[in-house]
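Dear colleague,

Please find the structure below, together with its sequence. My notes on the ligands and on the helix packing follow it.

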Amino acid sequence: MRDQFGRTIDYMRVSVTDRCNLRCVYCMPAEGVPSVPHQQILSFDEIVRICRIGAELGIRRIKLTGGEPLVRRGFPKLLGMLKGISDIEQVTLTTNGTLLKEQIDELVSNGLDAVNVSIDTLDPDRYRQITRGGSVEKALEGLDVAAGVPGLSVKVNCVPLKDTADEEYIRLALLAKEGKADVRFIEMMPIGVGKNFAGQDREQIRTVLEKIYGKAKTYTGRIGNGPAEYVQFPGFMKHVGFISAVSHQFCGCCNRVRLTSEGYLKPCLQYGGGTDLRALLRSGAGDEEIREAMEKTICAKPAHHLFGEGGHTEEILETKGMSKIGG
Ligand code: SAM
Ligand code: SF4
C-alpha cells in the first residue's frame, strides 16, 4: 500500500524478542534491557496473523530481527510459518551470527531467503570489548556456514565507531573481495544508548578502502530491499555498501514499517509509540479491525526522521533502545 506521501510500503521488520546473548555497547546497557514477561511478547500465531494481514495490505518482504532472533526458542518454526503466507515473497534474518551454526540447517529448510550477520570487527579482543564478552570466532563460524549455503544471500553489517581503526575496514572489506558476503558499513544512529557514541564518516571509510583496493565504482544494480548504496572495488567478487540514515537521509524512498516484539506497529523508528496491535488482537478484534488499524498507521507514516534536527518536542520521539525497537 501507499502511505500519505505516496511511498510504497512493502517491507516489515519484525522484532521477535528484545533479549540478546550479547551486549553491544552502542545498543544495550551493560545490564541488558529489563526482561519483558513472556506473555507480553507476541506469540508465533499472533506474529503470523499480523503478517498475514500485512500481506493483504501489500507487505511482501519480512525481516526478522530483535534483540537476537536466534535466542527465541523455536525461531526456525516461526520463519517457516511466515514463509507459508501467500503473497509474502521473502523472509530474511538479521543476527549477530553466534548461534547461526547450530540453526542454519533448520533455518534453510524452513525457507530462509537471506541473512545479515552483524560483525563490527574481526579483532577478537575488540569484538569482545564491543559486544561485552562475545566471541568473534562464533560469529565467523556462523558467517561461514551461511556463506556455504548455495543460493543464500549473505551480508555482513558493521557499525563503525569513532575509534575504529582503518585496518578494521580493510579486513572487513576483504570478506567482499573474497566473495564471502556483501559488506555494509552502517552509520551510528542516535537511538537509545547509541546517542552516547559517535560513528565514522562514510567518505572517510571509502577513502581508506580506496587507498588499499583502488578506485571504487558506484554500483547501480539492486541488492536486497534496503537503502544501502553500494560500490564495487576492482577485482571484488561482492560489494561494499553504506547505509547512512543521518548524513544521507533516505526517508523519501523509505519502504518499511516495524513491528516490536510487544506488538506495536511503528511507522518510523525514531518516533515514539505506534499502534498497539497486541491489545487489539487480545481484545478479540476481527481481521477487518486489525487491517484498518494497520492501514491507518502505515498511511500516517511521517515524512522523515528528525535526527540532527531541533524544533520538535522531545515527547514525540522514541525513548526505547534499538534492541527493543528491532533495529
Ligand atoms: N541482534 C541482531 C544483530 O545484531 O544483527 C539483530 C538486532 S540489532 C539491533 C540489528 C542491527 O542494528 C545490528 O547490525 C546493530 O549493529 C544495529 N544497531 C544497533 N544499534 C544501532 C545504532 N544506534 N545505530 C545504528 N545501528 C545500530
Ligand atoms: Fe544484541 Fe544485536 Fe544489539 Fe548487539 S546489536 S546487543 S547483538 S541486539
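A nitrogen atom of ligand 1 lies 2.8 Å from a polar backbone atom of Met 189, a polar contact in the sense of a pair of N or O atoms within 3.5 Å. A nitrogen atom of ligand 1 is also 3.0 Å from a polar backbone atom of Gly 67, and an oxygen atom of ligand 1 is 3.4 Å from a polar backbone atom of Thr 95. Of the 550 Å² of accessible area that ligand 1 has on its own, the protein covers 94% (Shrake-Rupley method, 1.4 Å probe).

Please note that this is a predicted model, in which local features need pLDDT of at least 70, side-chain atom pairs count only at pLDDT 80 or more, and totals for chains, interfaces and linings use all residues. Residues are numbered from 1 along each chain as its sequence is written, chains are lettered from A and ligands numbered from 1 in the order in which they are written, and side-chain values use heavy atoms, with hydrogens and water left out.

Ligand 1 is surrounded by 17 residues, the closest being Tyr 26, Gly 67, Thr 94, Ser 118 and Met 189; a residue counts here if one of its heavy atoms lies within 4 Å. By class, this shell has six nonpolar, nine polar and two charged residues (Ala, Val, Leu, Ile, Met, Phe, Trp, Tyr, Cys and Pro count as nonpolar, Asp, Glu, Lys and Arg as charged, and the others, Gly among them, as polar).

Around ligand 2 are Cys 20, Leu 22, Cys 24, Cys 27, Met 28, Gly 67 and Asn 96. That shell divides into five nonpolar, two polar and no charged residues.

Turning to the helices (DSSP runs of H or I, at least four residues, numbered from the N terminus), the axes of α6 (residues 166–177) and α7 (residues 202–213) come within 10 Å and cross at roughly 65°. α6 is therefore roughly perpendicular to α7, a term for angles of 65 to 115 degrees. Axes are lines fitted to C-alpha atoms, and angles run from 0 to 180 degrees between N-to-C directions.

The axes of α3 (residues 100–109) and α5 (residues 136–147) come within 8 Å and cross at roughly 25°. α3 is therefore roughly parallel to α5 (angles under 35 degrees).

Kind regards

Note on methods: A polar contact is a pair of N or O atoms within 3.5 Å; within protein, one must be able to donate a hydrogen and the other to accept it, and residues adjacent in sequence count only if both atoms are side-chain atoms. Helices (H or I, at least four residues) and strands (E, at least two) are DSSP runs, numbered from the N terminus. Angles under 35 degrees count as roughly parallel, over 145 as roughly antiparallel, 65 to 115 as roughly perpendicular and the rest as oblique.
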